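Trainee: I'd like to go through this structure with you, a piece at a time. Could we settle the terms as we go?

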Amino acid sequence: MADPGAAPVVRFDRVSRRFGDVLAVDDVSLEVRQGEFFSMLGPSGSGKTTCLRLIAGFDRPDRGRIELNGRPVADLPPYERDVNTVFQDYALFPHMTVGENVGYGPRIRGVPRREREARVTEMLDLVRLPGVVDRRPSQLSGGQRQRVALARALVNRPRVLLLDEPLGALDLKLRQQMQGELKSIQERLGITFVHVTHDQEEALAMSDRLAVLHQGRVEQVGTPVEIYERPATAFVADFVGISNLLEGAAARALRGSEEPFTIRPEKIRILDAGAPTPAGEIAAVGRVHDVAYLGSHTRYVVAVDAGATLTVIEQNRDAVPRDVQGARGRRVLLAWPREQARPVREPG
Amino acid sequence: MSPRRHPSARAVSTYLFLRPRLALLLLLAPPLLWLGVVYLGSLLALVVQSFFHLDGFTGQVVRRFTLLTYRDLLAPANLDIALRTVVMAAAVTLAAAILAFPVAYYMARYAPPRVRALLTLGVLLPLWSSYLVRVYSWKLILAKEGIVSWFAWRGGLGPLLDAVLSLPVVGGPSLSVSPIGTFLTFVYVWLPYMILPIEAALERVPRTLLEASDDLGASPAQTFRRVILPLAFPGLVAGSIFTFSLTLGDFIVPGTLGNSSLFIGQAVLAHQGTAGNIPLAAAFTLIPMTIMAAWLLAAKRLGAFDAL
């Protein structure tokens, strides 16, 4: 597990990178700690992959300073950095066997054949892919290639492993299985993982900490619980999970201030329209506009009289009435604990 | 509503739609006939001819199986011709590969689309003008009073040029009548055939493969040797097939720019035209074919086609 007191393995100090008119990375400062699973989460074009490429050394910052293990790396080419990458397209060498792919790093470093072969076997066992040493990448499935890419990147025992959307090309079941495996490999080896993804669930499930990026800027850095429960900006609230954003007159009517705030759909309870406002809670009267039955939960869209539309999610813990849709058009009282309404910074 | 078609056209379409194999057969029949009859057939005729023999007294071809023609082929004078041609073809191929690789690499990796289009045009442009015109231009360029020698003497390199020309075997009275001149012209005329296949091969190498190699600790030189070169190898082989076989069969360049020693192409021309010895001409052409087949097998052994 990450040790918060340890020196950062990766440090960005006011780093910017511009491509033509686009500021891909805009004044980013962040620290990745020794041994942690750190994710960079953001939509496409948020600059997360550029950040990864800056760490790997495939690209250089226009401004700012990047340190690896406390050393500035401005003039260090990729092949001299103690960092390895799992590429999004896996980038396996098509003219080499699986064994030669995994053994590429040690071979370049002049590790003798015997030891090299032992390490290749060890790594393929670690990623649970034994018996494919002599196959070509083209003979493997997507999931198997992914494991080979992981083994190849880990065989050098880098200080930091970079993962660029590593699970993006896999189907849902395999993706969830690999999430667990990646996490356990990371804990077993104690290597710092820096992981780039646009999948918020993946980031929440695997990370010790994550940074949410938007238009080249860091919106928030924190643990999954901090990011989800206390989003700092409207963007974070909206991008990570589903969220209701209230601002202006509606915010004033409900919370007594025009400061924008967010409320998560599952924190809202639906009560009968005539019910009294529970103590310490914010309540709003409205009409159910839409009902979607989604199996494990039901999603309601409620038009609130204060002038906003709120999404509410109710777990279907009890028996669900046959006519779920009957709630449509009904007047209801929505209520949520005051502290669950999270004020957010104005969108930047 | 289905679109209106003539009923008989519709019947044919439906008939073929339901019989995809027949449709494929109809599609492939013309090219297969062409390749089978015209190409393979003439090749076979060539091989058969090489086992006939020219009767020295009557001047008639004796159409009976014999190895006499191959005995003639192995005469020292003919082996000389074959060796000279093969060495020239190998040298031309090597030089073309060395010159072509950086150009192809730049085109595939770095050139912005516009520059790349211009470069492709530049590579192909010489092929628009007649090959004969270009070969004769080189004769003028390399002549004793030509531009190369003029610049060499002006620039104080005249003695160097003379020294090069006085080399045994490859030298001669002037560049235009020496093996060096033949070599330079060959490299010029066949270079596009080397650049384009290498470029096509390099273009198919994803950038991330090179980054992965960098990432795993390989220096640029190691990445070149272990990743770029092996993946460009099929292109190099394809290019070498062009440059090698084109040089092996050519009779115009050595006839125009060389000294009087013959190349295979010239020998074939002389035997089948002037001397009427078609069997020997046929036997001669089997030399390049054998060499190309051997080279392709060797390339396959080296793994040139593993990543295809």
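Mentor: Let us begin with a term: a residue is buried when its relative accessible area is under 20%, exposed when it is over 50%, and partly exposed in between, with a 1.4 Å probe and protein chains only. Helices (H or I, at least four residues) and strands (E, at least two) are DSSP runs, numbered from the N terminus. This is a predicted model, in which local features need pLDDT of at least 70 and side-chain atom pairs count only at pLDDT 80 or more, while totals for chains, interfaces and linings use all residues. Residues are numbered from 1 along each chain as its sequence is written, chains are lettered from A and ligands numbered from 1 in the order in which they are written, and side-chain values use heavy atoms, with hydrogens and water left out.

Trainee: Okay, so which residues of helix α8 in chain B are buried?

Mentor: In α8(B), which covers residues 158–165, the buried ones are Gly158(B), Leu161(B) and Leu165(B). They lie on the same side of the helix because they cover an arc of only 60° around its axis, the arc being that of the directions from the helix axis to the C-beta atoms.

Trainee: And what does the face turned away from the buried side carry?

Mentor: That face of α8(B) carries Pro159(B) and Leu160(B), both exposed. On the buried side, the cover includes α7 (147–154) of chain B, where contact means heavy atoms within 4.5 Å.

Trainee: Where does Ser174(B) sit, and is it buried or exposed?

Mentor: Ser174(B) belongs to the loop between α8 and α9 (179–203) of chain B, and with a relative accessibility of 7% Ser174(B) counts as buried. Leaving out residues up to four places away in sequence, Ser174(B) touches Leu142(B), Ala143(B), Lys144(B) and Leu165(B), and Leu165(B) is also one of the buried residues of α8(B).

Trainee: What about Val189(B), what does that one touch?

Mentor: Val189(B) is in helix α9 of chain B and counts as buried, at 0% relative accessibility. Residues up to four places away in sequence aside, Val189(B) touches Tyr131(B), Arg134(B) and Val135(B).

Trainee: How many residues of helix α10 in chain B are buried?

Mentor: Eight of the nine residues of α10(B), residues 207–215, are buried, so the helix is mostly covered. Among them are Leu209(B), Leu210(B), Glu211(B) and Asp214(B).

Trainee: And what do they pack against?

Mentor: The buried residues of α10(B) pack against elements of both chains: α1 (48–56), β6 (83–86), α3 (104–108) and α5 (142–154) of chain A, together with α4 (76–110) and α11 (220–249) of chain B. Just after α10(B) comes Gly217(B), which takes a positive phi of about 105°.

Trainee: Switching to chain A, which strands pair with β14 there?

Mentor: Two strands pair if DSSP finds at least two bridges between them. Strand β14(A), residues 281–293, pairs in the antiparallel sense with β17(A), residues 331–337, over seven bridges, and also in the antiparallel sense with β15(A), residues 297–304, over seven bridges. Gly286(A) has Val332(A) as its bridge partner in β17(A) and stands opposite Val304(A) in β15(A).

Trainee: Which strands of chain A form the open sheet?

Mentor: Three antiparallel strands form an open sheet in the order β11-β12-β18 (chain A). Since β11 (244–246) and β18 (342–343) of chain A stand at the edges, each with a single partner strand, one side of each is left without a neighbour in the sheet. Strand β12(A), residues 261–263, pairs with β18(A) over two bridges in the antiparallel sense, and Phe261(A) stands opposite Pro343(A).

Trainee: Last one: where is Pro276(A)?

Mentor: Pro276(A) is in the loop between β13 (269–272) and β14 of chain A, and is exposed, with a relative accessible area of 67%. Pro276(A) and Leu333(A) are 57 residues apart in sequence, yet 8.8 Å apart in space, C-alpha to C-alpha.
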